[in-house]
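Open the model in your viewer and keep the selection panel handy. We will go from stop to stop, picking something new each time.

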Amino acid sequence: MTKTFLRSTVAILAVLILLSAAWAARVGEAAPEFTATDTNGQVHKLSDYHGKFVVLEWSNRGCPYTQKHYNSGNMQRLQREWTGRGVIWLTVISSAPGKQGYVTASEENAYLKQVNAAPTAVLLDPTGALGHLYDAKTTPHIFIINPQGTLIYNGAIDDRPTTDLADVNGAKNYVSAALDEAMSGKPVSVPTSRPYGCSVKYPD
Amino acid sequence: MVVSFRRKIGLLAPCVILIFAARLSAQPPANSHARIELISEQNLAPPAKPLWVGLLFQLDAGWHIYWQNPGDSGEPPTVQWQLPSGFTAGPIRWPQPIRLGGGTVIDYGYEGQVLLMAPIEAASKGHATSIPSLSADVKYIVCRELCIPGKVHLTLASPPHGDWGQWRALFEQTRLQLPKPAPPGWKVSAESNKSHFILSVRGAKQVRSASFFPLEASQIDNSSPQGFVSNRTGFQLMLKKSDQLTKPVSTVRGLIIVGPGRAFEVAAPVVSR
């Protein structure tokens, strides 16, 4: 009896902690731990990457803001540059089944090949659990976690909130700026910005 | 009564200041889910007053465009005017928006039909002049579940015969939907704690419900419920801070909407506790 009571109390507490998760992805605080499966069936935990920089990039290939960065080659360039420098780059797809942008693992793998993308992995998040944990709003929306597990950036990919390919050149890229600064031991000068893009297509 | 008064004005007006509306027929891009026209309230630039023109968006059911602060996603339409020398365009006057979306992603914008008005000013304000030749490059994004960006070049043309009255009424209706300065009796301030701004309006006694639409991005969390409390002197709104807000702000700016046609623009000085 007491055991059941204790168990349900623990369960309720766990739910409460999950519900308060929107609070958890704040710059300067520990990034919330997660477990998610990629398009090759591999399981990734944030804590697996302790000691490395981690970029989370929310994506939706049908969204014109995401397309701006893939059709221009900008996203692939960033993925190659930063994974080449030891960064773990995790693309996340939180579109729910039946919603715009939902893809199966094999569809996504074919697409990655087609656009020559180079993230470390693409995490499939059809329940939206990871998206809600970080309170991802848009595609793209970028989070950067430092080697100590602290969130150091939450916001847009750059400072041109448009769908124009022409705006990629000349934009200030917040991801590169934050990683450059953090890797040379400086504080991130723009730690947050308004993420811009299409809304993440969470389940209803 | 109102209608017949308007009709009389409508008949008299052409004799006095020649009020007509000019209209243009834009070629809407196929499958854009938005038809956009550049329309004018009058066909003569009135003396000593701006000429009001507007971008009239007509959206397919379920599709929307965005307010000046789009909220969590999207972006507002932008316009680049081409005007004859001696004319300048003022900023768009944004009518009160609605909340769009659901769950943890909330946007601000418009569905159905919306007129985005802007004043065109002439350098010489002596007398009524013929309508300047105007065109506009408009960029916008229209979304339902999917988002489609659009780009259109619009030119102000003459209205079809007898069509002008229709537009004038639309300008008048839209004016009623523009935010107004806060009533003179309102005293607005915002208290800041770790997680929330508590927006207080004193001197607003008859307000039963209110919602806040932020003018600045990344000040408040758009999707959090806004707790409303009324008391003897006015009311308070609890506004959760945005995750993107990392520096203290001195002013919380936005609209307090207390009903249709009752949107008030406020700039609440922030007091920390």
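Select N116(A) to begin: this residue is exposed, with 11 other C-beta atoms within 10 Å. N116(A) sits in the loop between helix 4 (105-115) and strand 5 (121-124) of chain A. Its backbone deserves a look too: phi of N116(A) is near 60 degrees, a positive value in a residue other than glycine. Helices (H or I, at least four residues) and strands (E, at least two) are DSSP runs, numbered from the N terminus.

Before moving on, a note on what you are viewing: this is a predicted model, in which local features need pLDDT of at least 70, side-chain atom pairs count only at pLDDT 80 or more, and totals for chains, interfaces and linings use all residues. Residues are numbered from 1 along each chain as its sequence is written, while chains are lettered from A and ligands numbered from 1 in the order in which they are written.

Next, stay in chain A and pick T139(A) with P140(A). A cis peptide bond joins the two, and omega is about -5 degrees. You will find P140(A) in the loop between strand 6 (138-139) and strand 7 (142-145) of chain A.

Now hop to chain B and select A48(B), in the loop between strand 2 (44-45) and strand 3 (51-59) of chain B. Phi of A48(B) is also positive, near 60 degrees, in a residue other than glycine. Is A48(B) buried or exposed? A48(B) is exposed, with 9 other C-beta atoms within 10 Å.

Of the 273 residues in chain B, 38% are buried.

Between them, 12 residues of domain 1 of chain B are in contact (C-beta atoms, placed from the backbone, within 7 Å) with 11 residues of domain 2 of chain B. On the domain 1 side, strand 4 (64-71) and strand 8 of chain B each give two or more residues.

For the last stop, show both chains: 19 residues of chain B are in contact with 29 residues of chain A. Highlight strand 8 (105-111), strand 11 (135-143) and strand 12 (147-155) of chain B, each supplying at least two residues of the side that touches chain A.

How values were computed. Two residues are in contact if their C-beta atoms, placed from the backbone, lie within 7 Å. A residue is buried if 20 or more other C-beta atoms lie within 10 Å of its own, exposed if 12 or fewer, and partly exposed in between; C-beta atoms are placed from the backbone.
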